[in-house]
Amino acid sequence: MALTLYVDTARWRAHHKQVSEQFPGLVPVCKGNGYGFGHERLADEATRLGSDILAVGTTYEAARIKDWFGGDLLVLTPFRRGEEPVPLPDRVIRSVSSIDGVYGLVGARVVIEVMSSMKRHGVSERDLPQLHAAIENVRLEGFAIHLPLDRTDGSDAVEEVIGWMDRLRAARLPLHTMFVSHLKAEELARLQQQFPQTRFRARIGTRLWLGDHEATEYRGAVLDVTPVAKGDRFGYRQQKAASDGWLVVVAGGTSHGVGLEAPKALHGVMPRAKGVARAGLATVNRNLSPFVWGGKQRWFAEPPHMQVSILFVPSDAPEPKVGEELVAHLRHTTTQFDRVVER
């Protein structure tokens with residue numbers, strides 16, 4: 001009895017192929033929990049795609065993945081002096097976002113990140129005159145720019161990249177390769193057409209691995225079903241049942257990531273109103289679970305336990321049976337499954 005990730009493998013891989021064809025020179029990204037699939041699995045899939053390079057989040061991830069992927073590994077987290085040294089092979093490329101960082105990686109392969117409108121990290125325009133001397137002692141693999149997902153000011157992502165290309169060219173810095181993130185295929189094609197001497201390589205994770213929502217599905221197995229009448233007490237906190245129904249114990253708890261949710265940026269009146277409503281319900285211990293039964297997401301009977309969740313299913317819904325599975329709407333990036341089933 002488990003929380004299971006079902007994968008329509010043929011459909012999933014067909015999506016990978018489609019994305020790789022839309023983005024020539026694609027750099028697959030494998031970071032965090034491997035987008036829900038694990039590092040080893042995504043390393044295998046990147047190899048299957050014929051990728052010569054795989055991007056990872058940290059040096060620790062690079063150390064783990066190096067035995068599963070034979071090509072170059074690009075570490076996305078920028079180097080900082082004083083960081084814990086991690087033994088890595090020469091095929092690992094470090095990202096750098098400061099002049100000091102470049103000087104700290106003498107002899108290393110590096111990609112220099114420029115500051116985008118994200119304002120997260122990167123060298124600034126005023127740093128460019130100092131880069132000539134700094135890059136003499138490293139092996140420069142290219143520059144990189146990480147762009148925002150939303151552009152509420154109506155600005156153009158391509159124009160932002162062009163602006164940086166012009167600055168780098170004016171500073172007489174080498175522009176053989178530019179790594180980019182969060183561009184559409186047609187935007188990448190525009191850039192490649194305008195700068196034919198530069199190779200643009202899109203770093204893509206979510207769109208590649210999770211872009212086809214119908215290719216994967218989480219399901220939790222029903223472990224126990226207990227009928228309750230209105231007013232019956234149950235659970236760790238001995239709450240009262242609000243009506244007749246069933247307490248359904250389903251595989252999937254906090255250790256799997258059930259109940260975890262990343263903060264969301266809400267835009268518009270309706271999403272904000274729904275957010276306020278959910279917060280109000282939470283104050284009276286009404287929290288919607290990710291599990292679906294009888295065509296509806298069901299409420300947690302109480303906060304999820306470590307490895308299981310207890311749901312309340314009202315008597316007007318079909319009675320769940322032990323061994324049946326409930327579809328679960330879970331974020332791949334915060335979920336740890338018990339097993340994976342290929343379909």
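Where does His-182 lie? In this predicted model, His-182 sits in the loop between β8 and α7 (185-194). Its phi is near 65°, a positive value in a residue other than glycine. The relative accessible area of His-182 is 35%, so the residue is partly exposed.

Arg-172 also has a positive phi, near 60°, and is likewise not a glycine. Arg-172 belongs to the loop between α6 (157-170) and β8 (177-181). Its relative accessibility is 71%; Arg-172 therefore counts as exposed. A positive phi is found at Gly-50 too, near 85°. Gly-50 follows helix α2.

Helix α2 spans residues 39-48. Its buried residues are His-39, Arg-41, Leu-42, Ala-43, Glu-45 and Ala-46. Their cover includes the helices α1, α3 (59-65) and α8. It also includes the strands β2 (27-28), β3 (53-56) and β18 (339-342).

Aromatic contacts were examined next. The whole structure holds 3 aromatic pairs. In one of them, Trp-12 and Trp-209 have ring centres 6.3 Å apart. Their planes meet at 45°, so this pair is tilted. Trp-12 is part of helix α1 (residues 9-22), whereas Trp-209 is part of helix α8 (residues 206-210). The pair therefore ties together parts that are 197 residues apart in sequence. Trp-12 has a relative accessibility of 1%, under the 20% limit, and so counts as buried. Trp-209 also counts as buried, at 1% relative accessibility. Together with Phe-37, Trp-12 and Trp-209 form one aromatic cluster.

The search of the whole structure finds 1 cavity of 30 Å³ or more. The largest cavity contains about 40 Å³ of space. Its lining includes Glu-113, Val-114, Met-115 and Ser-116. Met-118, Lys-119, Arg-120 and His-121 line the cavity as well, and so does His-146. By class, the lining residues divide into 3 nonpolar, 3 polar and 3 charged.

The protein averages 93, and 92% of the residues score at least 70. Over residues 271-285, the pLDDT is below 50. This stretch has 7 contacts in the model beyond near neighbours in sequence. Where pLDDT is low, predicted coordinates should not be read in detail.

Note on methods
Residues numbered from 1 in each chain as written. Predicted model: local features only at pLDDT ≥ 70, side-chain atom pairs only at ≥ 80, totals over all residues. Heavy atoms only, no water. 1 Å grid on protein atoms, 1.4 Å probe; cavity = no way out; pocket = protein on both sides within 12 Å on 5 of 7 lines; lining within 4 Å. Points joined across faces, edges and corners; volume = space filled by probe spheres on them. Nonpolar A, V, L, I, M, F, W, Y, C, P; charged D, E, K, R; others polar. pLDDT = per-residue confidence, 0-100. Contact = heavy atoms within 4.5 Å. Phe/Tyr/Trp six-rings, centres within 6.5 Å; stacked < 30°, edge-to-face > 60°. Helix = DSSP H or I, 4+ residues; strand = E, 2+ residues; numbered from the N terminus. Buried < 20%, exposed > 50% of the residue type's maximum accessible area, 1.4 Å probe, protein only.
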